[in-house]
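Please read this note with the model open beside you, and check each point against the coordinates as you go. The points begin with the rings, move on to the sheet, and end with the charged side chains.

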Amino acid sequence: MSTEPLNIRPEDLTGGNPRAASVRLEGKSLSQAYGQRRHDFRIGPQPKYVDPARKSLNRPLMEPRPVSQIRDEVLALRTARGAKRAMKSNAAVVTAGIVTFGTEAQEMFLALTIEQQDAAFRELAQAVAERLDTSLEALMVHCDESAIHAHFELRACNRAGIPLAKATRPALMIELQDLVFEVMSRHCEGIERGNRKYDRLAAGEDYAATVHKSVRQLHHDLPL
């Protein structure tokens with residue numbers, strides 16, 4: 001699990017299909033969840049790539065519950081499942097999610113009204129939670145960085161007590177990208193399905209463009 005907040009990356013804007021939207025997920029331990037929330041809800045000092053003059057443009061669409069409350073639910077669901085071992089201190093309590101857009105998709109999405117944008121983000125975040133059989137815990141739209149995107153948070157285990165890290169296998173992640181296309185294209189005509197990583201490699205794209213980069217790398221490659 002990354003200690004950096006889940007955030008936009010270069011390939012979200014420059015790689016794959018520029019007319020596509022995408023979703024990424026990353027498990028966060030109790031301490032990492034607090035850090036992610038400080039980033040998502042702009043609590044305390046923020047990185048230099050965040051423009052404080054645009055902070056008022058951010059839109060909190062769902063305020064989070066206390067992380068400790070979500071952790072207690074995760075523990076109760078594990079117990080109900082019959083887990084014998086104690087939960088590790090670095091085990092995921094929440095799963096951070098992010099919705100991003102390719103360059104052309106971003107332009108199309110920004111042409112929508114704020115109300116239309118928010119409706120799309122709400123439907124997609126809830127659809128992902130339902131597909132993973134878990135609860136949606138928070139949703140925030142960021143407009144004070146280099147590109148519009150939305151952060152959302154899920155409880156890190158499903159209703160059967162299985163960690164999402166085990167439930168989100170590659171095949172399911174492909175299904176989630178299909179879900180992103182289905183939902184976002186209903187709200188924003190012209191948005192397309194993203195290209196699969198292996199299809200991009202087969203088409204000759206450089207491998208480095210298809211892998212995750214850190215927030216620091218992102219803002220080195222994509223100055224504001």
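1. Aromatic pairs. A search of the whole structure, which is a predicted model, finds three aromatic pairs. Ring pairs link Phe101, Phe109 and Phe121 into a cluster, and a reader who is new to such contacts may like to begin with these residues. In general, a pair of aromatic rings is described by the distance of the centres together with the angle of the planes.

2. The sheet. Five strands make up an open sheet, and their order across it is E1-E3-E5-E4-E2, with antiparallel pairing. Strand E1 (21-28) and E2 are the edge strands, since each pairs on one side only. On average, and with direction ignored, neighbouring strands of this sheet are turned by 20° against each other.

3. E2 and E4 run antiparallel and are joined by three bridges, and Pro60 stands opposite Met140 in E4. Helix H5 packs on the sheet, where it touches E1, E2, strand E3 (94-101), E4 and E5, and the direction of H5 makes about 150° with that of E4.

4. The salt bridge of Glu137 and Arg65. The count of salt bridges comes to 15, and in one of them the side chains of Glu137 and Arg65 meet at 2.7 Å, N to O. This pair links distant parts of the chain, for Glu137 is in strand E4 (residues 136-142) while Arg65 is in the loop between strand E2 (59-62) and helix H3 (67-81), 72 residues apart. Glu137 counts as buried because its relative accessibility is 3%, which is under 20%, whereas Arg65, with a relative accessible area of 23%, is partly exposed.

5. The salt bridge of Arg155 and Glu73. The closest N and O atoms of Arg155 and Glu73 are 3.1 Å apart, and the two residues form a salt bridge. Arg155 lies in strand E5 (residues 149-155) and Glu73 in helix H3, so the pair ties together parts that are 82 residues apart in sequence. At 8% relative accessibility Arg155 counts as buried, while Glu73, at 26%, counts as partly exposed.

6. Arg159 lies in the loop between E5 and helix H6 (164-167), and Asp133 in the loop between helix H5 (114-131) and E4, so parts that are 26 residues apart in sequence are tied together by the pair. Asp133 counts as partly exposed, at 34% relative accessibility. Salt bridges that share partners join Arg65, Glu73, Glu137 and Arg155 into one network.

How values were computed. Residues are numbered from 1 along each chain as its sequence is written. This is a predicted model: local features need pLDDT of at least 70, side-chain atom pairs count only at pLDDT 80 or more; totals for chains, interfaces and linings use all residues. Side-chain values use heavy atoms; hydrogens and water are left out. A salt bridge is a side-chain nitrogen of Lys or Arg within 4 Å of a carboxyl oxygen of Asp or Glu. Helices (H or I, at least four residues) and strands (E, at least two) are DSSP runs, numbered from the N terminus. Buried means under 20% relative accessible area, exposed over 50%, partly exposed in between (1.4 Å probe, protein chains only). Rings of Phe, Tyr and Trp (its six-membered ring) pair if their centres lie within 6.5 Å; planes under 30 degrees apart count as stacked, over 60 as edge-to-face and the rest as tilted. Two strands pair if DSSP finds at least two bridges between them. Axes are lines fitted to C-alpha atoms, for helices over the stretch in contact, and angles run from 0 to 180 degrees between N-to-C directions. Contact means heavy atoms within 4.5 Å.
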